[in-house]
Amino acid sequence: MSVTDQDWREEAQRVEQVVEVIHKRIHDLTEQVSDVTTDIVSIRKHFWDDVTVNFEDAIEAVETYASIKQQAEVLSERERAHRHAVKQLKTLRRLEQNPYFGRIDFREEGERQAEPVYLGIASLLDEKDEAFLIYDWRAPISSLYYDYTPGPASYDTPAGRVDGEITCKRQYKIRDGRLLHLFDTGVTIGDELLQEVLGKQADTQMKSIVATIQKDQNRIIRNEKSRLVVVSGAAGSGKTSAAMQRIAYLLYRYRKTLQAEQVVLFSPNALFNSYVSTVLPELGEENMQQTTFQEYAEHRLGSLFDLEHPLEQMEYVLRAMEEPGYETRLEAIRWKSSAAFMHVIDQYVERLKQSGLIFRDIAFQDRKLIDARQIHEFFYSLDTSLPIPNRMVLVARWLLTELKKRERSERRKPWVDDELELLDKEEFAKAYQQLRRKNQFHEESFDDFDRERDLLAAKLVKRAFKPLRLMIRELGFIDTQAIYRQLFSQPEQIESLLPEGEPSGNWPAICEQTLLRLEQNQLSYEDTPSFLYLQERLEGFQTNNLVRHVFIDEAQDYSPFQFALIQRLFPRAKMTVLGDWNQAIYAHAFDQDSFEAVASLYEPAETETFLLTKSYRSTRPIVEFTRQLIPGGERIEPFNRDGLKPSVTRVQDEAARKDWICSRVHTLQENGHQTIAIITKTAAEAKAAYEQLHDSLALRLIGSGTITFESGILVIPSYLAKGVEFDAVILYDASRESYGHERERKLFYTACTRAMHELHLLYSGEVSPFLADVSPDACEWIGS
């Protein structure tokens with residue numbers, strides 16, 4: 001159905017009327033915020049003027065407490081009102097610019113007339129607070145816009161399903177409160193609107209996609225039943241965008257019971273955290289908690305080991321091919337991240353129930369108070385049917401009792417007398433007063449210092465033993481490091497613990513390499529999850545019961561250990577995992593299906609899997625090129641957005657490479673591209689490229705410590721570019737020498753799929769074999 005001039009006039013008039021309502025609300029709310037602010041300042045300034053303070057007796061003290069409490073409650077209520085009003089004001093100012101983006105006319109079954117429903121980022125009632133001028137995109141009725149074309153339709157509400165018919169579906173472009181464009185559409189979301197959104201320049205931070213959510217994305221966003229939601233999607237398919245809108249939806253849907261701090265997002269790195277940090281505030285919601293698995297590991301193990309960062313492991317895998325022990329390390333990475341090795345740890349723990357645990361002495365001032373052998377004997381004297389963590393609790397109680405006995409005998413040690421001599425008069429005066437209050441000290445016994453000395457000695461020893469008590473309560477008497485080393489001291493033991501039918505690895509070499517690092521107090525990245533898992537199996541899993549939703553982005557890079565740890569860390573949370581098998585760039589994920597590992601933790605009935613095959617990020621020519629780089633790429637469907645074909649250019653030497661890059665960057669900037677990424681394979685190569693180019697171009701070097709994403713010309717390692725996008729990408733070196741091993745194919749693909757509008761590959765010598773299967777007409781070959 002075409003839009004008539006009359007339609008346009010009526011819609012433009014409605015936009016003006018709605019904006020006028022918003023202006024009035026902003027004016028009224030601004031005055032309200034000002035008044036409340038004045039009240040808060042006044043209450044704080046005169047807080048004690050309105051409080052009666054009297055502690056002469058118990059009754060007066062109670063009245064004083066009640067007076068203070070009442071005044072504090074008044075202040076707290078005004079502060080809450082201020083926060084709520086400020087939040088409303090921010091939402092209204094966003095609506096003022098773009099009040100709504102879509103409309104459906106829906107006729108409920110049994111009704112004669114269709115009702116128009118306008119969708120925006122937040123709801124807005126008319127001036128009488130009776131009718132909705134705008135519906136929040138997350139409202140139940142709004143799902144019709146995303147899920148249906150004109151015709152029969154239905155939506156779910158808390159009261160049940162509502163059936164009916166969509167008679168009109170319309171989309172709008174409104175900017176600065178003015179209607180610029182509108183059109184009726186017969187598809188879920190019109191390609192015209194998507195073309196416009198996707199054709200824009202890349203931003204330094206991810207934007208909300210509420211106006212262009214697709215039907216398959218909407219199913220992900222509104223899923224409320226599944227304990228596990230798995231989203232497997234091609235590069236640029238909108239996985240992360242859907243996840244952020246899902247968080248916003250959940251916070252809206254369960255706004256009375258769910259707070260932003262009860263949602264945790266595990267992301268790949270700090271740069272990615274910065275990139276997605278504005279999506280929820282843009283939708284009027286507070287940001288969820290953001291972290292990385294490495295941050296969690298540092299929190300748990302940072303005091304025990306020098307932990308290897310995942311990016312350090314990545315650099316080793318990409319650069320150390322010629323170093324001795326390289327192949328052994330690769331094999332170790334794959335083994336230690338596998339479900340088979342998780343089985344090994346589980347079986348090892350079963351054996352430890354009967355024997356083999358290693359404990360630490362409880363020592364004080366280089367003296368053993370309680371020998372490790374005594375702890376060992378006590379532990380294995382307990383009922384073996386009890387789980388190890390339960391027995392550890394009993395051991396801790398026993399140790400605290402034993403420590404109390406040692407405390408008493410310690411009071412007569414010479415070091416206590418030495419410490420007593422260093423005490424000042426104030427300490428003795430306090431002890432004297434304490435004894436007098438207990439009627440154990442009086443005028444006639446003033447020269448008798450025995451009791452005074454005993455009291456001070458007891459305090460000194462108790463204070464000195466405080467770290468020991470804390471260590472025992474935290475189960476520090478378990479020598480998990482030695483227990484983990486013990487596993488690798490006998491390669492044949494590991495082989496005996498492997499699942500039946502599992503092929504044997506080069507365990508003698510792996511064990512030797514592992515022990516060498518452990519003896520230097522280093523924990524490699526591949527050992528970190530398995531060590532944490534063993535520690536939890538021995539001490540009991542630490543849990544957070546407040547978190548209700550956990551999101552894991554780039555989940556293809558997670559191992560079975562990591563999924564198991566996160567699931568047990570947040571036992572009451574639902575989990576949403578997102579990833580792309582074709583972007584599994586870490587060594588342990590070359591031939592492992594991470595989604596299979598996480599799915600095994602939940603019942604099939606609790607799990608729903610979504611497959612996103614349509615790629616929206618890049619132009620059609622770029623997607624048609626990149627999908628030929630990977631097996632099965634033909635299943636990836638490009639969105640119909642035109643652009644230039646990728647180019648593959650051969651350069652003679654480094655000087656020619658520099659000249660080509662400088663010339664191309666200037667052309668890209670002239671064409672309006674604001675974020676241009678020069679993507680290298682490794683951090684070392686990124687640093688070298690930066691040194692070569694920075695005197696000719698205004699560059700920014702991105703490293704593992706970079707925490708903010710800014711527009712401009714960036715030099716960035718391939719693995720740090722994952723998860724973000726750029727207007728144009730220049731692949732610094734696409735030669736066989738740089739990308740020649742099959743295990744680097746996914747890294748190569750990941751780097752190429754970062755480009756939105758233009759993709760250019762440079763190489764010298766021989767081009768990467770990954771381009772061998774690319775059809776000649778999929779790109780422009782220059783100088784080959």
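Visitor: How much space lies in the largest cavity?

Guide: This is a predicted model, in which local features need pLDDT of at least 70, side-chain atom pairs count only at pLDDT 80 or more, and totals for chains, interfaces and linings use all residues. Residues are numbered from 1 along each chain as its sequence is written, and side-chain values use heavy atoms, without hydrogens and water. A cavity is a set of points on a 1 Å grid over the protein atoms alone where a 1.4 Å probe fits but cannot get out, and its volume is the space filled by probe spheres set on the points, joined across faces, edges and corners. The structure holds 4 cavities of 30 Å³ or more, and the volume of the largest cavity is about 60 Å³.

Visitor: Which helix gives the most to the lining of the largest cavity?

Guide: Lining residues have an atom within 4 Å of a cavity point. Those of the largest cavity are Ala235, Ser615, Arg617, Ser618, Ile622, Val623, Thr626, Ile636, Tyr749 and Thr753. With 3 residues, the biggest share comes from the helix at residues 620-626, H24.

Visitor: How do the residues of this lining divide into nonpolar, polar and charged?

Guide: Ala, Val, Leu, Ile, Met, Phe, Trp, Tyr, Cys and Pro count as nonpolar, Asp, Glu, Lys and Arg as charged, and the others, Gly among them, as polar. On that scheme, the lining of the largest cavity has 5 nonpolar, 4 polar and 1 charged.

Visitor: Is Gly236 buried or exposed?

Guide: Gly236 lies in the loop between strand E8 (228-233) and helix H6 (239-253). Leaving aside neighbours within four places in sequence, Gly236 is in contact (heavy atoms within 4.5 Å) with Lys614, Ser615, Tyr616 and Arg617. Buried means under 20% relative accessible area, exposed over 50% and partly exposed in between, with a 1.4 Å probe and protein chains only. Because the relative accessible area of Gly236 is 11%, this residue is buried.

Visitor: What is the relative accessibility of Lys239?

Guide: Lys239 is placed in helix H6. Lys239 counts as buried because its relative accessibility is 9%.

Visitor: What span in Å does helix H2 reach from its first C-alpha to its last?

Guide: Helix H2 has 40 residues, 58-97. Its buried residues, among them Leu75, Ala81, Ala85, Leu89 and Leu92, pack against helix H1 (5-45), E3 and E4.

Visitor: Where is Asp176, and what is its phi?

Guide: Asp176 is placed in the loop between strand E6 (160-175) and strand E7 (178-184). Asp176 is exposed, since its relative accessible area is 61%. Most residues other than glycine have a negative phi. Asp176, not a glycine, has a positive phi of about 55°.

Visitor: How many of the 784 residues, in percent, count as buried?

Guide: The protein chain has 27 helices and 26 strands, which are DSSP runs (H or I, at least four residues; E, at least two) numbered from the N terminus. Its C-alpha trace spans about 110 × 75 × 60 Å along its principal axes. The buried share of the 784 residues is 53%.

How values were computed. 1 Å grid on protein atoms, 1.4 Å probe; cavity = no way out; pocket = protein on both sides within 12 Å on 5 of 7 lines; lining within 4 Å. Expected span 1.5 Å × (residues − 1).
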